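Hi,

Here is the structure I promised to pass on.

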Amino acid sequence: MPGLVSVKTPPKQSPLHILVPETQNGTTITNTYNKIPSPLTKRVPSPSPSNSRVKPTKGTPEMVTIDESSLDNPDLGPFLLKMARDTISAGDNPNKALDYAIRASKSFERCSGSVPSLDLTMSLHVVVAIYCSLGRFEEAVPVLERSIEVPDIRNGSDHALAKFSGYMQLGDTYSTMGLLDRSVSCYESGLNTQIEALGDSDPRVAETCRYLAEAHVQAMQFEEAENLCKKILEIHKEHSAPASPEEAADRRLMALVYEAKGDYESALEHYVLASMVMIANGQDSEVASIDVSIGNIYMSLCRFDEAVFSYQKALTVFKATKGDNHLSVASVFIRLADLYYKIGKLRESKSYCENALRIYAKPVPGTASEEIANGLTEISAIYEALNEHEEALELLQKAMKLLGDTPVHRSTIAGIEAQMGVMFYMVGRYGEARCSFESAVAKLRASGESKSAFYGIVLNQMGLACVQLYRISEAIELFEEARGVLEQECGSCHLDTLGVYSNLAATYDAMGRVEDAIEILEYILRVREEKLGTANPDVDDEKKRLAELLREAGRARNRKGKSLENLLDSNSQRMKKEHKPAHLINGMASQILSKARTHQPCAACKMLRRRCDSNCILAPYFPNDEIEKFASVHKVFGASNVIKMIQMVEETKREDAVKALVYEATARLRDPVYGSAGATFHLYKMVQELKLQLELIQNRVVELQEQRNQLLGILMNFHLQNPASPMSDPMFDSGDFSVDDGTLAYDPVKFPIECDWML
């Protein structure tokens with residue numbers, strides 16, 4: 001009897017290549033359902049219930065007219081399934097095959113009655129496969145749910161296999177529709193069914209765990225993915241040989257999870273182990289792919305020389321094995337462009353971007369459009385960092401055209417549209433920004449992500465665009481919805497939530513609701529003082545805004561305040577009753593523009609291409625327009641080391657510490673060998689030379705003074721011998737120099753000193 005076998009599905013199948021099950025000698029041969037490729041790169045195919053394939057027959061069958069009353073015939077179901085299989089194999093109309101499969105399911109259901117029938121489950125899987133090949137995923141879902149209800153795992157492993165297959169197909173269908181939460185839930189149910197039938201240490205369970213872990217990564221659920229990866233490695237340790245390719249794949253997945261969590265050292269360890277396994281198995285292309293991932297880790301750790309070495313190794317292998325125009329070569333070019341941007345070599349960064357674009361313009365035949373779209377999106381992010389927004393927007397628009405409007409790419413397109421909205425906002429095209437944000441919000445709602453933090457952030461950005469367009473009422477609604485989402489996902493004390501609170505307070509203030517704005521700002525200020533301290537620049541900004549509002553209201557700050565939750569709830573109800581004239585709303589919008597929080601990233605976060613919030617420790621010392629200063633510090637010390645050094649210094653002395661770091665980095669770039677020590681030694685040598693010159697001059701002055709005294713003595717004797725000679729003659733003037741106790745004094749006006757050197 002067949003067990004729960006996992007067979008890998010080819011990654012590129014024609015849409016209608018569906019293998020229909022048939023019955024031979026009482027043994028059920030199940031079908032391999034049409035696998036939907038996952039957005040994750042190199043995703044392991046879903047565990048499939050098939051362990052054999054049926055060779056299709058040639059020839060197109062004629063359309064058979066069947067009376068509904070004949071569905072009670074037990075021989076009709078297998079006949080109709082064979083007709084469906086022959087129709088698909090001949091490349092005929094898939095709707096005809098679908099009609100055969102549906103009638104076969106009805107026949108099996110009538111003949112089986114209330115007894116669980118594997119034939120019925122099998123025919124339902126065929127119906128689902130045809131629905132998916134036609135893109136009718138909504139119709140496939142209820143059929144799959146029915147196919148899961150039919151088998152009873154108490155009747156043996158065949159029924160467990162059928163139920164497991166149904167859960168996995170349903171999860172893939174939900175994933176194709178963009179419903180990740182439902183997809184993960186189905187995969188978990190399938191895993192539990194498989195464990196119940198095979199035990200929790202079977203190697204086939206490890207394959208399903210890997211598939212589920214990848215789904216968790218797509219859903220940004222990294223803790224669950226990490227636990228599954230640990231379980232997979234334990235199973236391989238028990239059943240697989242050391243240094244197996246399966247272990248390498250699992251370590252790469254574990255490294256990906258650690259990288260997403262920010263644990264770069266652990267990620268690097270697993271990537272290196274995976275690379276050693278692939279080298280032992282002679283898989284050069286896979287080694288090069290891992291080298292790219294290792295380079296990404298080195299770049300995250302600011303170890304740029306090692307990152308360049310890893311990228312160049314991968315680039316050499318890809319060019320030798322896949323050709324100069326392969327997308328793998330372009331992806332390495334993008335990594336190098338990103339790296340050179342981070343270390344301040346902007347010309348080299350743009351050059352690598354142009355090389356990658358030339359490859360994407362003429363890709364290798366058979367290249368998937370999704371890969372090209374992902375590459376264009378990454379290049380657009382670099383152009384955006386280079387302040388070339390028009391080029392970045394053009395690339396994002398090309399990426400959207402390549403992806404198309406399909407459910408599987410709905411979340412990806414929403415992210416691209418949100419990114420386009422931000423760039424439209426930055427270049428002043430507020431109408432287009434609002435349209436992009438609105439489209440992104442609609443797609444996120446359709447894909448079931450209306451409760452995610454990203455959804456709340458997009459709502460906040462859309463509200464800011466509405467403010468610029470004087471659509472104040474709509475902006476308030478968006479800010480309030482964003483506040484609710486971020487409170488649920490991040491908490492009321494999170495910086496993103498506080499940013500929405502601040503925007504909402506500014507909008508209330510502009511609408512004349514000063515008391516409500518004051519209450520919100522008092523809450524924000526209390527939280528920021530607790531989280532950031534009273535000396536933080538953002539706290540000072542909030543204090544100034546609050547002081548201005550209190551001055552307008554003519555009262556002092558209330559440090560107790562009432563509950564913000566109650567306040568916002570009452571504000572939402574009040575807004576439904578209040579209506580302001582349009583001309584007043586347009587007049588108040590300009591006030592919001594100066595008060596709404598549009599936090600500009602500091603030079604450090606801008607170069608590192610990471611999110612810069614108000615709690616960024618580098619922002620006070622590296623403003624947005626001083627990117628070159630941070631580039632020199634970053635190149636010499638690395639961002640992580642700079643942060644550690646700043647944290648080690650008292651807050652009052654941090655500015656001086658940063659100045660010292662900038663001076664040291666500048667000197668080190670000018671003199672890579674000695675750095676600032678070389679400049680210090682040069683100045684010390686100049687000081688010693690000047691001291692020597694000064695000592696020589698002092699000695700010379702003393703000698704001249706002695707000669708003068710001798711001359712005065714001679715003249716005095718001459719005067720005594722000749723009293724008629726006057727002593728008041730100007731030649732006897734004492735001059736400007738005097739020696740007192742070995743010190744030299746001079747008039748700075750009559751005896752100037754000029755120096756032609758400076759530090």
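**Aromatic pairs**

Counting ring pairs whose centres lie within 6.5 Å, I get five aromatic pairs. Keep in mind throughout that this is a predicted model.

One of them is Tyr340 with Tyr352: the ring centres sit 5.7 Å apart and the planes are at 0°, so this pair is stacked. Tyr340 belongs to helix α13 (residues 327–342) and Tyr352 to helix α14 (residues 346–361), so the pair ties together parts that are 12 residues apart in sequence. Are these two tyrosines buried or exposed? Tyr340 has a relative accessible area of 14%, so it is buried, and Tyr352 counts as buried too, at 17%.

Tyr425 and Tyr430 make another aromatic pair, this time edge-to-face, with 5.3 Å from centre to centre and 70° between the planes. Tyr425 is buried at 17% relative accessible area, whereas Tyr430, at 25%, counts as partly exposed.

Going back to Tyr340 and Tyr352, they also belong to a cluster: ring pairs link them with Phe333.

**Nonpolar cores**

In soluble globular proteins, nonpolar side chains tend to be buried together. Here, the largest nonpolar core has 144 residues. Which residues have the most contacts inside it? They are Tyr311, Leu339, Tyr360, Ile379, Leu618, Phe622 and Phe630. Helix α13 supplies the largest share of this core, with 11 residues.

Leaving aside residues up to four places away in sequence, Ile379 touches Ile334, Cys353, Ala356, Leu357, Tyr360 and Leu395. Tyr360 is on that contact list and is also among the residues with the most contacts in the core.

There is a second, separate core as well, with 34 residues, including Ala84, Ala104, Ile130 and Ile148.

Val272, Leu273 and Met276 make a nonpolar surface patch of about 240 Å². Val272 is in helix α10, and so is Leu273, with that helix covering residues 264–280. Val272 counts as partly exposed at 35% relative accessibility, and Leu273 is partly exposed as well, with a relative accessible area of 30%.

If you click on Leu273, look for Ala243 too: the two are 30 residues apart in sequence and 8.9 Å apart in space, C-alpha to C-alpha.

**Salt bridges**

Side chains of opposite charge can pair when their charged atoms come close. How many salt bridges does a search of the whole structure find? It finds 27.

Arg429 and Glu390 form a salt bridge, with 3.3 Å between the closest N and O atoms. This pair links distant parts of the chain, 39 residues apart: Arg429 is in the loop between α17 (410–426) and α18 (430–446), while Glu390 is in helix α16 (residues 389–403). Arg429 is partly exposed, with a relative accessible area of 28%, and Glu390 counts as partly exposed at 46%.

Arg483 and Glu487 form another, and their closest N and O atoms are 3.6 Å apart. Both lie in helix α20 (residues 472–489), and because they are four residues apart there, about one helical turn separates them. Arg483 counts as buried, at 9% relative accessibility, whereas Glu487 is partly exposed at 25%.

Glu664 and Arg668 also meet in a salt bridge, at 3.5 Å from N to O. They sit in helix α29 (residues 654–670), four residues apart, so they are separated by about one helical turn.

Cheers

Note on methods:
Residues are numbered from 1 along each chain as its sequence is written. This is a predicted model: local features need pLDDT of at least 70, side-chain atom pairs count only at pLDDT 80 or more; totals for chains, interfaces and linings use all residues. Side-chain values use heavy atoms; hydrogens and water are left out. Rings of Phe, Tyr and Trp (its six-membered ring) pair if their centres lie within 6.5 Å; planes under 30 degrees apart count as stacked, over 60 as edge-to-face and the rest as tilted. Helices (H or I, at least four residues) and strands (E, at least two) are DSSP runs, numbered from the N terminus. Buried means under 20% relative accessible area, exposed over 50%, partly exposed in between (1.4 Å probe, protein chains only). A nonpolar core is a set of buried Ala, Val, Leu, Ile, Met, Phe, Trp, Tyr and Cys residues joined through side-chain atoms within 4.5 Å. Contact means heavy atoms within 4.5 Å. Patches are made of residues with over 30% relative accessible area and no salt bridge: like charges are joined within 9 Å, nonpolar side chains (Val, Leu, Ile, Met, Phe, Trp, Tyr) within 5 Å. Accessible areas come from the Shrake-Rupley method with a 1.4 Å probe; for residues, only the protein chains shown count as cover. A salt bridge is a side-chain nitrogen of Lys or Arg within 4 Å of a carboxyl oxygen of Asp or Glu.
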